[in-house]
Amino acid sequence: MARPRKCRWVGFEPGVTFFKPQGVPMRSLEQVVISVDELEALRLSDFLGLSQEEVAQEMNVSRPTVTRMLAKAHGAVADALVHGKAIKIAGGDYRVAERRFVCQDCDHTWSNNSDSTTSQNCPRCQGSSIQRLFT
């Protein structure tokens, strides 16, 4: 029996969920689909430059899972670009993760839902001994 699929954490839900070649009507286009969790793997790895190990930690999955997600997403994007297909972003087994931090100096905890993967200073004491909480 196969292992149950683990829910993936993503930093945000995309506001734009469709891309298509300019000047071609949608009705005449084929589509490729990229799931929200695959888009998150692309964002973290290709856009933010994180290693696959760091992406795995951010998304709460294994590194081999990240490798598979990136391969599938890269293949879909390449297919769309080479063959002039539309890209639809939809689906996936994910939840939006709240980024939580704790200050090691004053024990203050807070949330930060920005695109950055770390927080620079504690908002209470301005200390720099910050640790990311994974919940």
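## The largest pocket

In this predicted model, the largest pocket is lined by 14 residues, and those nearest its centre are Phe19, Leu39, Leu42, Arg43 and Ile89. A pocket here is an open set of points, on a 1 Å grid over the protein atoms alone, with protein on both sides within 12 Å along at least five of seven lines, and lining residues have an atom within 4 Å of a point. Two elements, α1 (36-47) and β4 (86-89), each give two or more residues to this lining, with α1 providing the largest share, five residues; helices (H or I, at least four residues) and strands (E, at least two) are DSSP runs, numbered from the N terminus.

By class, the lining comprises eleven nonpolar, one polar and two charged residues, where Ala, Val, Leu, Ile, Met, Phe, Trp, Tyr, Cys and Pro count as nonpolar, Asp, Glu, Lys and Arg as charged, and the others, Gly among them, as polar.

## The sheet and its helices

Three strands form an open sheet in the order β2-β4-β3, with mixed pairing, pairing being assigned if DSSP finds at least two bridges between two strands. The edge strands, β2 (18-19) and β3 (31-34), each pair on one side only. Between β3 and β4 the pairing is parallel, over four bridges, and isoleucine 34 stands opposite isoleucine 89 in β4.

Helix α1 lies across β3 and β4, at about 75° to β3, and helix α3 (residues 63-83) also lies across β3 and β4, at about 155° to β3; axes are lines fitted to C-alpha atoms, for helices over the stretch in contact, and angles run from 0 to 180 degrees between N-to-C directions, with contact meaning heavy atoms within 4.5 Å.

## Basis of the values

Residues are numbered from 1 along each chain as its sequence is written, and side-chain values use heavy atoms, leaving out hydrogens and water. Local features need pLDDT of at least 70 and side-chain atom pairs count only at pLDDT 80 or more, whereas totals for chains, interfaces and linings use all residues.

Key:
1 Å grid on protein atoms, 1.4 Å probe; cavity = no way out; pocket = protein on both sides within 12 Å on 5 of 7 lines; lining within 4 Å.
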